[in-house]
Structure formats: C-alpha cells, structure tokens
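Dear colleague,

I am handing over a structure to you with this email, and below it you will find some notes on what was found. Please keep the structure open beside the text while you read.

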Amino acid sequence: MALLTLGLNHNTAPVALREKLAFPTKEAIGTALSDLRGHLKSLAPEAAILSTCNRTEIYCKTDAPDEAGQALTEWIGRHKGVDGEGNLAEHLYLLPNQGAVRHAFRVASGLDSMVLGEPQILGQMKTAARVAQDSNMLGSHLHQLFQRSFSVAKEVRTQTAIGAQSVSMSAASVRLGEQIFENLADCSVLLIGAGEMIELCAAHWAPHPRRMVIANRTLERARPLAERFGATTMALSDLPQQLENFDVVISCTASSLPIIGLGMVERSVRQRRHRPVLMIDLAVPRDIEDEVSRLDDVFLYTVDDLREVVDAGLEGRRLAVAEAESIIDTQVNAFMNWMVQRQSVPLIQELHARGDAVRQQEVERARKMLAKGEDPAVVLEALSRALTAKFMHGPTTLLSHHAGKDPELANMLSGLLPVPRGGR
C-alpha cells in the first residue's frame, strides 16, 4: 500500500498551463472525482483533489503506485483536454509515500506557497478533504493524512514565526496597511499594473479588503489576474476620476514617467474629506510623484522604504522555516510509523481469527467429553494442555530452527510469554 501525490504548481508550470488544469469550484472537483473513480476503478480507492490558483494536486492511496501514477497522468490530461500537448509530464511531480506525506505537510504549513507562510492554503486543503468525503473517496489513509496535515500546520504556526515576518515587498505592504487602518476588511484596494509584482501583491491582499480592483492600460491582461483573486478591473484612463474611492493604492508599471501626479492626489484627498490613504510605489522609475509624500493624510512608501521592512524580516523568516522543517520531519516519521502499523492490521486480525478458531475447536471437544460423563477436572486439564500445546507450537518450532542464527530471537519470544500471577 502506498500514498501518492501527482501535481503541478507555480514552481513547475507557467500560469497558462496551471489555468488549464485548475478546478475552479467545489462542484467541479466533485464531478472530477466521480470521473476519476471510474477511470482508476480499484487501482486507487481513495483520492482527493486540491486546486488553487497556484497548484492542482491529486492525493490517492494505491497498491500499485507505478500504475496509478501513469493512470493519473493520463486522466488529468484527458479530463482537461491537454493530453495532446505532449509536454504535460514535464511539469508534473509524482511523489510516493514519505515524499507525498512531507509534501502535504509543507503545503498545509505554507512552506510550498508562492507567498511563504500564507494561511489561505490551509482552508483550501480542508475544502479538498470535505469534497472527497462527500464523494466517498476519503478513506482512512487520506483522512489521516489530511487531519495530520492540519495538525502540523497548527503546530508550525503556533511554535514558529513563519507567518509573522514580512519577507517580500508585497507582504510588507500588507503590514503597513495593518499599521495605518484599524480594519483592512473595511478598505478598498487599487492595484495598478498586471506584472509579477502586482500578482504577488494581489495574492497577499486578496483575503483582506472588502473590494480589490486591478487597473491596467490593457484590460485583457488584467482580467485573468482579477478573476484569480476575486477582484474587478478598471481602465487606467479612469484613474483621475476613481482615485478618491480607494484607501490603498499600490502601483508597479513599466511607465517611464509618473502616472499619479501631485494634482491628481490633491483632488482625491479633498474629495475623501481627508480620510487617510496608503500609497505604495513599487515601480522603478517611480509611478507616483515624490511631491505627493508632503500631503497631509497621504502615507507614501517607495521600494527603498519597504526594503528596510523586508530586510528586518528575512532573518526571522529563515529561522522560522528551519524550525518548521524540523517539526515536519518529526511528524512525517510519526505518520510513516502509523502507516507501517496499519499494514500489520490484516495480519493481526488473521492471528486473532485463527486463535479463536483453535479455542472454539478445543471447547467443542471439551463439551463432548463432558457429555460422555467424564470428570470435569480431567476435561479442564485436557483443555488447558491442548490449548497450551497448540499456541506454543509455533514459537517453539521457530526457536528450535533459528535460535542459533538469531540470538535475539529467544529474548524476543521470552518477552511475549505471559508471566503467571505471583511469578517473576
């Protein structure tokens, strides 16, 4: 028996391919699991699908990992209509047993995320487990894997500072927002641009504000990014009329000249009735005129300002990651021991069944002796001797054949024998 994980993520595949393999809703995952069950048949009786904007992964239990891995690869390519593209396998990772367990624990703890330490993935994993449960695809092994993943994530977050340190410009921007505004859930956020830095900012900010808008010169480029993070889009040409509606403005474009001038911000501040606004300029050359920093109620930060916050957090996050990996190592070993014990369950059940069959056989023989009128004391003596002889036959035979070859065998068997009450 093996656990197996097949998937791809932001480290192994471009966004264009990740989009094609994504399952955007719980209903889509449920439908996919039903189709997957038919494709795998008895090859993998347990399966779950985790799908986010940065990863699509299938977790399963199987007795034939090589066959299951090939079947999963074929299935996801066919199900998503990309089997004819030819290079899908190059972007996939296939992790068996300990690798699958470690991966699940790291994903749940935020160590495998685009935004290191982000907490949203934990909720997404819980959703994946619930959908698999509802689809009757979550057996004892995957149930235990997910439950222990959640437990490990909680331990990592409570015993390390993995989520407390800002180690990127985008993470630092959220920290600044938390310092300026009492509740980010009441804020409206504008992201200007559609490049990699704005994508990271969107990932960090998405869980917090009541509204998030992405503005770009080309709306076609902004829409996919907005859809991934539950945002809306706005034409950059509408910025002068709309700027007053945003509490947080983060800009990172490739413009050679500032796109937000002093006059535009002055008008916006007057219309906002001097409610504070956080403006973060991550562009080089800068997108926001430097004179804006002199306005009351405007908190303007540049790349250099955020770099100081990031540098302070880097060392703390490195220490936290090392601590988190140590916790995960310990818990992976514990889970693998659990799996080994689970593999012994059928043998233990068979031993109990055989022992009970022997007991019933000897009890029936004793009943027949009593029915013939034999002395009960004699019957009890015969019953006890017969049971003892049969249960001791296996250990004594093993000992006589192997004791000389394995000196520890005698000690082990001796330790298994019951000690008579009052004996030593």
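A second residue to look at is R273, found in the loop between α11 (262–271) and β9, where R273 has a positive phi of about 55° although it is not a glycine. Most residues other than glycine have a negative phi, and most peptide bonds are trans.

Before going further, please note that this is a predicted model, in which local features need pLDDT of at least 70 and side-chain atom pairs count only at pLDDT 80 or more, while totals for chains, interfaces and linings use all residues. Residues are numbered from 1 along each chain as its sequence is written, and side-chain values use heavy atoms, with hydrogens and water left out.

The domain assignment divides the chain into domain 1 (2–159 + 318–341), domain 2 (166–311) and domain 3 (352–413), with bounds that come from an automatic or database domain assignment. The centres of domain 1 and domain 3, taken over C-alpha atoms, are separated by 49 Å. An unreviewed UniProt entry places the feature "domain: Quinate/shikimate 5-dehydrogenase/glutamyl-tRNA reductase" at residues 176–309; UniProt positions are given in the numbering used here, feature names are shortened, and annotations may be inferred rather than shown by experiment. Over residues 176–309 the chain is 34% helix and 22% strand, and the end C-alpha atoms are 9 Å apart.

Strands of a sheet pair through backbone hydrogen bonds, either parallel or antiparallel, and here two strands pair if DSSP finds at least two bridges between them. Six strands make an open sheet with parallel pairing, in the order β7-β6-β5-β8-β9-β10, and its edge strands, each pairing on one side only, are β7 (232–235) and β10 (298–302). Within this sheet, strand β5 (residues 188–192) and strand β8 (residues 248–251) run parallel and are joined by four bridges, and V189 stands opposite V248 in β8.

The other open sheet has four strands in the order β2-β3-β1-β4, and its pairing is antiparallel; the edge strands are β2 and β4 (93–96), each of which pairs on one side only. Strand β1 (residues 2–9) runs antiparallel to β4, to which four bridges join it, and L6 stands opposite L94 in β4.

Where do the residues that line the largest pocket come from? At least three are drawn from each of domain 1 and domain 2. A pocket is found on a 1 Å grid over the protein atoms alone, as an open set of points where a 1.4 Å probe fits, with protein on both sides within 12 Å along at least five of seven lines, and lining residues have an atom within 4 Å of a point. The largest pocket has a volume of about 710 Å³, where grid points are joined across faces, edges and corners and a volume is the space filled by probe spheres set on the points. Its lining has 31 residues, of which S51, T52, C53, Q124 and R228 lie nearest the centre, and α5 gives the most to it, with six residues.

With kind regards

Note on methods:
Helix = DSSP H or I, 4+ residues; strand = E, 2+ residues; numbered from the N terminus.
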